[in-house]
Amino acid sequence: MAQQAPSAAVGHALETLDMTVKGAKAYEREDLADRLTRARRLLTDSTITVHVVGEFKQGKSSLINALLTAPICPVDDDIATSVPTEVRYAGQVAASASFDSAPGSGGPGWTEPISPSEIASYASEAGNPGNTRRLRAVTIGIDRPLLSSGLVLIDTPGVGGLGSVHNATTIGSLPQSHAVLFVSDASQELTYAELRFLRTVQDLCPNIVMIMTKTDLYPHWARIRDLNANHLRRAGVELEIIPVSSEIRQVAARSADQALNNESGFPVLVNHLHQVIANAERVALDSTVSHITRALDQLEIALAAQNDTLVAPQNAARIIATLERTKQRADALRERSSKWQLVLQDGFADINSDVEFDLRQRSRTVLHEAEAAIDDGDPAKNWTEFEEWLRQRLAGEALENYGMFVRRAKEVAAQVGQHFELAESQIVTARDVSAPIEKLRDFTVDSAFVEKKAKGAGLAAMQKGYGGVLMFTMLPAMLGLAVPLPIGLAAGVLMGGFGLKEQRKQQLERRRNEAKNTVRRFVDEFNMQIGKDSRDAIRHVQRELRNAWSDRVSELQRSTADGLAAAQQAAQSTETDASARERLENDRKSMAMLRARVADLQSHLDRAQAAVEKAQAEQRARELTDAAANPSGVA
């Protein structure tokens, strides 16, 4: 089975794009031709990425297996996914493993083919504990119609809370994802950690849906679904919940039972994925149409100026004056004091201030929690667990801070676009940057105080005990008083015990103070390193946006300059009106043909969108009818 060919709309758009590139080159507009050529990748790259995320043992791998009706991802009671597993289309089952290079080598890493039967030994925690093989990802290819349109499902390791070490890979790749499936089973309501994770994910990839698995195991799954919907609503996270049973889906596939398949809930999920695929194509087509339209607008500036001057030579002075004013406005956009430049600078100055304040506030909260935990126990007894908790808490706060930055950067990009009368204002967006969680792994914690746990306590007890014996035996004897030795010894034991207790208390306080100082140094290092990473990311995105909009301004300047030159040349031309007009008329027909192709494509997209909205409205109506007929929600 061959991978699905581009749709008719994509084929139409590619042809129109290539024609426009030829027109741009004919007018010696290599800048427009280069931009259109880069935009071509929007249509030729058919990869549509969907991440499957969630806590450990919630049924993510089983969900993918049931969705594709194939035992692709390793599943067992003692198996947990340890690295991302990509499932994409292939003519026959195949697998490969990608490895990071050895530390310090600076190499790009390796990709090696593996046997499909070995997937579990690479991708699971049991086969690759702690990822000792430095595995980056496992890729599996399989022939399935759902994947033939370019859909790639990524089975991710369990998030283990927002600050889990696995999140460095999962969170960092979400801004490039077309959609996210968040998996949580029907055994219990959403936890606080899951809600926090969902809020951050929504900032990075707004197209997210919750999949509630294992409905066959829990008869009252409908109540859990309703409780989860209320939790999400209170948390400000609006998303659809799709209940499914992977086990029923597998039974339905083996018996070809459509009724069972409907009961599994998977048809709703499959429809959702088809919608993701359609939306991804629609976004690519919309962006391509916008690029083509803007290129035609700029090419027609020179064409219209030359034509108007030839048709009405008496208006040449007015036409030239109008073009000069337009060129001045384009030149003004280039100035550092122009409105869009100020909006960009002020917007990112606000982001920098707010992100830094938010990060420090979050780290201060974690510091207070850590100091309270230290005061409640002995840091020497559970320091390893405490250090892991501290790293996870700070990593979680760093990720939420990162999500805030990404959201705010997109908002500023939209505000800048409003100051341009350009169709691309919806195309230029904030560039993606990596989540900073990886840096936390490099931080070291000085825990030498743990080794000093109880040294000196015995010596202090002996000193106190010996002093007690002297006080109750030898000193009274010097005064002529006879005190039995057992009484002196008992007093020595009591005072020794008291001394031991005091010494241990002092040592505990000393360890607590040393632990607090260690935590403060760790948090200071966190603020310094993660803060610098945030500032670097902010400057990177600001620079990328500035360069992108500056390129658009340069194109506009070039177009108005070409229009002005064309009008001036036409006013001074010695060619016969007939030959000049014939050449212009041919160019105008070519432009009109390209405009008609774009309009035809836009009409098709509008009709398709209307059909999708109608189908969605009908689906919502059916769901409301079903809910009214079965209020308990139990099938």
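The legends below describe close-up views of one predicted model.

Residues are numbered from 1 along each chain as its sequence is written. Because the model is predicted, local features need pLDDT of at least 70 and side-chain atom pairs count only at pLDDT 80 or more, whereas totals for chains, interfaces and linings use all residues; side-chain values use heavy atoms, with hydrogens and water left out.

**View 1. The whole protein chain.** The secondary structure comprises 17 helices and nine strands, taken as DSSP runs numbered from the N terminus (helices H or I, at least four residues; strands E, at least two). Of its 635 residues, 46% are buried, meaning under 20% relative accessible area, with exposed over 50% and partly exposed in between (1.4 Å probe, protein chains only). The accessible surface is about 32100 Å², and carbon and sulfur atoms account for 53% of that area (Shrake-Rupley method, 1.4 Å probe; for residues, only the protein chains shown count as cover).

**View 2. The open sheet of nine strands.** The strand order is β4-β3-β5-β2-β6-β1-β7-β8-β9, with mixed pairing; two strands pair if DSSP finds at least two bridges between them. β4 (110-114) and β9 (241-243) are the edge strands, each with a single partner, so one side of each has no neighbour in the sheet. From one strand to the next the twist averages 25° (axes are lines fitted to C-alpha atoms, for helices over the stretch in contact; angles run from 0 to 180 degrees between N-to-C directions).

**View 3. Strand β1 and its partners.** β1 (residues 48-54) pairs with β6 (residues 151-155) in the parallel sense over five bridges, and V52 has D155 as its bridge partner in β6. Five bridges also join β1 to β7, again running parallel; here V50 is partnered by A179 of β7. Seven of the seven residues of β1 are buried, so the strand is largely enclosed by the rest of the structure. I48, V50, V52 and G54 lie on one side and T49, H51 and V53 on the other.

View 4. Helix α4 (residues 60-68) touches β1, β2, β5, β6, β7 and β8, and its direction makes about 150° with that of β6. Helix α7 (residues 192-204) touches β1, β7 and β8, at about 175° to the direction of β7.

**View 5. The largest nonpolar core.** This core holds 42 residues, of which L151 and I211 touch the most other members; a nonpolar core is a set of buried Ala, Val, Leu, Ile, Met, Phe, Trp, Tyr and Cys residues joined through side-chain atoms within 4.5 Å. Helix α11 (residues 266-311) supplies the largest share, seven residues. Beyond its neighbours within four places in sequence, I211 has contacts that include L63, F182 and L269 (heavy atoms within 4.5 Å).

**View 6. The aromatic pair F182 and F197.** The rings are tilted, 6.0 Å centre to centre with 35° between the planes; Phe, Tyr and Trp rings (for Trp the six-membered one) pair if their centres lie within 6.5 Å, and planes under 30 degrees apart count as stacked, over 60 as edge-to-face and the rest as tilted. F182 is in strand β7 and F197 in helix α7, so the pair ties together parts 15 residues apart in sequence. F182 is buried at 1% relative accessibility, and F197 is buried with a relative accessible area of 1%.

**View 7. The aromatic cluster of W383, F386 and W389.** F386 and W389 form a tilted pair, 5.7 Å centre to centre and 35° between the planes. Both lie in helix α14 (residues 383-417), three residues apart, which separates them by about one helical turn. F386 is buried, at 9% relative accessible area, while W389 is partly exposed, at 31%.
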